[in-house]
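Dear colleague,

I am handing over the structure below, followed by an account of what was found in it. Please read the text with the model open beside you.

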Amino acid sequence: MNQTQRHEKIVNLVKQHGFMSIDDLVSACDVTPQTIRRDLNQLADNGVISRFHGGAGLNKSWENTPYQERKTQNSAVKERIAEAVAAMIPDGASLFINIGTTTELIAKKLLNHKNLHVVTNNIHVATILSAKEDFSVIIAAGEVRYRDGGIIGEATCDFISQFRMDYGIIGISGISADGALLDFDFREVKVSQAILEHTQHVILAADYSKFERRAMVEQGHISQVDCLVCDKTPPQSINKIIKENNITFVKA
């Protein structure tokens, strides 16, 4: 059993039982306690499970990982994803960019482009892109969420709905086994739904840790996107949906 297979087994066992002790995982995976501790620490760092004394349990489905922690999680992977997404955007394009640490990295990678027209509900994205004189950057109206600079609310939805853009670049907090796109804040979800509805070509940027990660608000379904950019091949159930809906998969 390689590391990827072991991680999948650990996550499935935690989901099945709610909590798994280190001793139980050692028996289930036939590896040393040191290996299990490393696995649990890595899965917890990626936001897939919660680490507790003596074992691991499910994440809270109602609360996201703090913004500063998310900025450092899977940073090398997110950099690769950001480069791959930026390479898909032509000069002169119009695009939405939503809230998220991955989308902020994508904004940085877009700085070598020319004449982009961007609408965003992310203060950090707007700050990054406003450094380019030839970019048109429009920041959405609404309530600023203090913890991560996201702009949310009914006014934001109404504002987004005035536009129809070439590309929509979105991040996500979790993707369930049946393809549901999940997030933690229903106000943020409403804005992302507006982006999905007013975009010609939707690009979902998500690292592998987002698969089967729990979050309580359903934003939409992966079948609504045109392209998925990820660092690894998605789980089998998601791959089936990708093929059935002719979604382009790009491995970063």
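**A histidine in a loop**

The side chain of His-113 reaches the backbone oxygen of Ile-89 at 2.7 Å. Please keep in mind, here and throughout, that this is a predicted model. His-113 belongs to the loop between H6 and E5, and with a relative accessibility of 11% it counts as buried, because the cut-off for that class is under 20%.

Helix H6 covers residues 101-109 and is mostly covered, seven of its nine residues being buried. Those buried residues are Thr-101, Thr-102, Thr-103, Glu-104, Leu-105, Ile-106 and Ala-107.

The loop that holds His-113 also holds Asn-115, placed between helix H6 and strand E5 (117-120). Asn-115 has a phi near 55°, which is a positive value in a residue other than glycine, and its relative accessible area of 42% makes it partly exposed. A phi near 55° is also found at Asn-246, again a positive value in a residue other than glycine. Asn-246 sits in the loop between helix H10 (236-244) and strand E15 (248-251), and here the residue is exposed, with a relative accessible area of 68%.

Val-217 is located in strand E13, which runs over residues 217-221, and at 14% relative accessibility it counts as buried. Which residues does Val-217 contact, leaving aside its neighbours within four places in sequence? They are Leu-181, Leu-182, Asp-183, Phe-184, Asp-185, Phe-186 and Val-189. As for Ala-180, which lies 37 residues from Val-217 along the chain, the C-alpha atoms of the two are separated by 9.7 Å.

The protein is divided into domain 1, residues 1-56, and domain 2, residues 65-249, and the centres of the two, taken over C-alpha atoms, are separated by 29 Å. Nine residues from domain 1 and seven residues from domain 2 take part in the contact.

The size of an interface is often given as the accessible area lost when the parts come together. In this model domain 1 and domain 2 bury about 660 Å² between them, with 35% of that area on carbon and sulfur atoms. On the side of domain 1, Lys-15, Asn-46 and Gly-47 supply 55% of the area buried against domain 2, which is more than any other three residues supply.

How many salt bridges are counted between domain 1 and domain 2? The count is zero, while the rule for polar contacts finds one residue pair across the interface, both residues being at pLDDT 80 or more. Two helices, H1 (3-17) and H3 (33-45), each supply at least two residues of the side of domain 1 that touches domain 2, and H1 gives the most to that side, with four residues. By residue class, the side of domain 1 that touches domain 2 divides into two nonpolar, four polar and three charged residues.

With best regards

Technical notes. Residues numbered from 1 in each chain as written. Predicted model: local features only at pLDDT ≥ 70, side-chain atom pairs only at ≥ 80, totals over all residues. Heavy atoms only, no water. Domains from an automatic or database assignment. Contact = heavy atoms within 4.5 Å. Buried area = accessible area lost by both parts, 1.4 Å probe. Salt bridge = Lys/Arg side-chain N within 4 Å of Asp/Glu carboxyl O. Polar contact = N/O pair within 3.5 Å; in protein donor to acceptor, adjacent residues only side chain to side chain. Nonpolar A, V, L, I, M, F, W, Y, C, P; charged D, E, K, R; others polar. Buried < 20%, exposed > 50% of the residue type's maximum accessible area, 1.4 Å probe, protein only.
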